[in-house]
Amino acid sequence: MDELSNLFLKNSAHRRSSDRAADPEMDLAEMLSKIDPSIEMITLPKPETLGYQEKGLREGIEKRRTLRRLDPEDRITLEELSIALWLTQGIVKVDDKRQDTLRNLPSAGRRHPFETYLGIRNVPGLAPGIYHYIAQEHALQLSIPGLEAVDAIAEASFKQKHMQDAPVIFIWAAHSARTTSRYGSRSLRYIFIDAGHVCQNLYLAAELFDGAVCAIGAYDDDAANTVLDLDGNERFVAYMASLGRKRVSKA
Ligand SMILES: Cc1cc2nc3c(=O)[nH]c(=O)nc-3n(C[C@H](O)[C@H](O)[C@H](O)COP(=O)(O)O)c2cc1C
């Protein structure tokens, strides 16, 4: 391990149980997605109306593979997007007492530090652009209209081909204060561990509709943060994934 990584591990080590959690001085509003009142809210099909129950968990886990051969002509439907967002960041309960949220995936201390952005190229019903998932409404807001910003995200992944072809790109941006307000210097570990759960749920969600997912850890951080206007410190792109459709293999 290089010196910097070693320093990070040492400085974020949990040594005493008294190092544990501070009471976060953060109210519920900061745990929810910020709504821009000037932007139209596009409500997604309600998760309970979606008929994706038929596949077994074991089958989904065993069949899951990273798939990179995508076709730019492929489409992802609003229903598919809805179930993918629901299973990766959907809010099951807004807890007024605890001032946090319970979601469809684990997160250290229930801090759920991510905001989901979607680079949309080919979803009938949605104009191309970068959308922000408003988790508490299960809705989208178009943050940056047009294909240009979506292409800039693909470019930031060092032009990985499947990112250039994907009908949808998932971008998980960390709002680190949600976690640092409780866990201090241990937080970065938790944020990246949390990110793994999110993307695994996307892989499994995609199994429900023969979607094709590729996790993206290789990207130019500054470039990706610039596209989303994130400062790269308090807020930063923590993980991404391309989502397309499985190709029928020519046996
Ligand atoms: C943290 C992480 C980062 C990854 N980054 C990339 C990436 O930038 N580009 C890519 O093509 N695949 C990426 N992958 C996909 C892995 O290469 C893939 O999971 C691995 O080859 C195993 O294949 P499988 O997922 O089909 O089991 C990443 C996977 C993980 C978990």
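Mentor: The residues around the ligand are Arg64, Arg65, Thr66, Arg68, Gln160, His162, Cys214, Ala215, Ile216, Gly217, Ala218 and Tyr239; a residue is near the ligand if one of its heavy atoms lies within 4 Å of it. This is a predicted model, in which local features need pLDDT of at least 70 and side-chain atom pairs count only at pLDDT 80 or more, while totals for chains, interfaces and linings use all residues. Residues are numbered from 1 along each chain as its sequence is written, and side-chain values use heavy atoms, with hydrogens and water left out.

By class, this shell has five nonpolar, four polar and three charged residues. In this scheme Ala, Val, Leu, Ile, Met, Phe, Trp, Tyr, Cys and Pro count as nonpolar, Asp, Glu, Lys and Arg as charged, and the others, Gly among them, as polar. Strand β8 (residues 211–216) supplies the largest share of the shell, three residues; strands are DSSP runs of E with at least two residues, numbered from the N terminus.

Consider next the polar contacts, which are pairs of N or O atoms within 3.5 Å. An oxygen atom of the ligand is 2.8 Å from an N or O atom in the side chain of arginine 64, and an oxygen atom of the ligand is 2.6 Å from such an atom in the side chain of arginine 68. Glycine 217 takes part through its backbone: one of its N or O atoms lies 2.8 Å from a nitrogen atom of the ligand. Taken alone, the ligand exposes 620 Å², and the protein buries 56% of that; these accessible areas come from the Shrake-Rupley method with a 1.4 Å probe.

A disulfide is a covalent bond between the sulfur atoms of two cysteines. Here it is counted when two cysteine sulfur atoms lie within 2.5 Å, and by this rule the count comes to zero. The sulfur of cysteine 199 is 8.4 Å from the closest cysteine sulfur, in cysteine 214, and therefore too far for a bond. Cysteine 214 is buried, with a relative accessible area of 3%, where buried means under 20% relative accessible area, with only the protein chains counted as cover. Cysteine 199, at 1% relative accessibility, also counts as buried.

Methods. Polar contact = N/O pair within 3.5 Å; in protein donor to acceptor, adjacent residues only side chain to side chain. Helix = DSSP H or I, 4+ residues; strand = E, 2+ residues; numbered from the N terminus. Buried < 20%, exposed > 50% of the residue type's maximum accessible area, 1.4 Å probe, protein only.
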